[in-house]
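Dear colleague,

I am passing on the structure below for your files. My notes on it follow.

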Amino acid sequence: MLKYCVYADATADIPKDVQKRFKIGMLPIPVTIGDRSFMSGEELENEEFYTMLEESDTLPVTSQITPYVFEELFQKEYDAGTEELFLFLINAKGSATYNNAIAMKETFFEEHPGAKMQIRLFDGASYSAGYGYPAIITSQMLEMGMSADEAEAYARQLIASQCIYFGLYTLKYAGKSGRIPGAAVFVGEALGIKPIMKIRDHAITTESKARGEKKLVKEIVKMVASDMKPKTPYQVIYGSDENALAEMLAEMEKKVGYPPQYVFRIGPAIAINAGPKVIGVTFCMNPKKEKTKN
């Protein structure tokens, strides 16, 4: 029987019960708030981070996973007799983490000539459920007996299809991080404008906007339903607001006729730039819709 391991970094936001069920290992992400440092996914829970974020005068920062962490991981799994090691990692255009893994993979095999362990690295090209969901599906497929090559091919295809639409309830954090100019933040807050962001193929763009909180969820649902490949699974992502989550769950099920496969709660990587109160949906983009838009 194939001896495999699946890992993702903490920015994938995979729910802890799902991590446990499918034996998915998590690599923590360093987070610094003022003069304090924590390991997200290990020492710092999301709820605690939201509170610290709202109370902090300075914007927290996340750091890359270092080559040393990957060196230790590869050696540990090699010593344990792992044959196939799958690693799902944060958007390579937003962090050096993936490139650090690539470099250490090369070093590892230089130092272990003839090693039979396969290391399969995935640039998540996204955040949160955008690559957390493919990590879950990969673990499920391997558990069911699918070959490593088949699981890898499907995972890469799934990552390439993922799209996220999510709404910001405040522009405060996007302004602090520099993603939205200060003047636009001032005007937007005054007018009650709630941006709807898109994460697709490494890029984060402003796709639309809603006037007021009451319209935000419905606008996101409308956009998702329009662009989602019919009858495919979707995931709901949220932050600190349980009411926003409940509304999104109800509206999406009413619109497409079935509930999400999983619910993801955002960690520091998204919260730092968007704020703790966000709501969104991750889904498989309909290729026909994408061609039409391009």
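Where is aspartate 201 found? Aspartate 201 is in the loop between strand 9 (193–200) and strand 10 (203–211). Please keep in mind that this is a predicted model.

Most residues other than glycine have a negative phi. Aspartate 201 has a positive phi, near 50°, and phi of histidine 202 is positive as well, near 80°. Histidine 202 lies in the loop between strand 9 and strand 10. As for accessibility, aspartate 201 has a relative accessible area of 53%, above the 50% cut-off, and is therefore exposed. Histidine 202 is at 18% relative accessibility, under the 20% limit, so it counts as buried.

Aromatic residues

A search of the whole structure gives nine aromatic pairs. In one of them, the ring centres of phenylalanine 70 and phenylalanine 74 are 6.2 Å apart and the planes stand at 35°, so this pair is tilted. Both residues belong to helix 3 (residues 67–79), where phenylalanine 70 and phenylalanine 74 are four residues apart, about one turn of the helix. Phenylalanine 70 is buried, at a relative accessible area of 0%, and phenylalanine 74 is also buried, at 0%.

Another pair is made by tyrosine 78 and phenylalanine 108, with 5.6 Å from centre to centre and 80° between the planes, which is edge-to-face. Tyrosine 78 is in helix 3 and phenylalanine 108 is in helix 4 (residues 97–111), so this pair ties together parts that are 30 residues apart in sequence. Tyrosine 78 is partly exposed, at 33% relative accessibility, whereas phenylalanine 108 is buried, at 3%. Phe70, Phe74, Tyr78 and Phe108 form one aromatic cluster together with Phe109.

Charges over rings

Two rings have a charged group to note. The charged end of arginine 156 sits over the ring of phenylalanine 122, at 4.2 Å from the ring centre. The ring of tyrosine 169 has the charged end of lysine 277 over it, 4.5 Å from its centre.

Helices 9 and 10

Two packed helices are described by the angle between their axes and the distance between the axes. For helix 9 (residues 213–227) and helix 10 (residues 242–256), the axes come within 10 Å and cross at roughly 35°. This crossing of helix 9 and helix 10 is right-handed. On the helix 9 side, the contact is made by Lys214, Val217, Lys218, Ile220, Val221, Val224 and Ala225. These meet Ala244, Glu247, Met248, Glu251, Met252 and Lys255 of helix 10. By class, the residues of the contact between helix 9 and helix 10 are eight nonpolar and five charged, with no polar ones.

Alanine 12

Is alanine 12 buried or exposed? Alanine 12 is at 0% relative accessibility and so counts as buried. The residue is found in the loop between strand 1 (4–9) and helix 1 (16–21). Leaving aside residues up to four places away in sequence, alanine 12 touches Ser128, Ala129, Tyr131, Gly132 and Phe264. The C-alpha atom of alanine 12 is 8.9 Å from that of serine 126, although the two residues are 114 residues apart along the chain.

Regards

Conventions. Residues are numbered from 1 along each chain as its sequence is written. This is a predicted model: local features need pLDDT of at least 70, side-chain atom pairs count only at pLDDT 80 or more; totals for chains, interfaces and linings use all residues. Side-chain values use heavy atoms; hydrogens and water are left out. Axes are lines fitted to C-alpha atoms, for helices over the stretch in contact, and angles run from 0 to 180 degrees between N-to-C directions. Helices (H or I, at least four residues) and strands (E, at least two) are DSSP runs, numbered from the N terminus. A crossing is left-handed if the near helix is turned anticlockwise from the far one by less than a right angle, and right-handed if clockwise. Contact means heavy atoms within 4.5 Å. Ala, Val, Leu, Ile, Met, Phe, Trp, Tyr, Cys and Pro count as nonpolar, Asp, Glu, Lys and Arg as charged, and the others, Gly among them, as polar. Rings of Phe, Tyr and Trp (its six-membered ring) pair if their centres lie within 6.5 Å; planes under 30 degrees apart count as stacked, over 60 as edge-to-face and the rest as tilted. Buried means under 20% relative accessible area, exposed over 50%, partly exposed in between (1.4 Å probe, protein chains only). A charge sits over a ring if NZ of Lys or CZ of Arg is within 6 Å of the ring centre and within 35 degrees of the ring normal.
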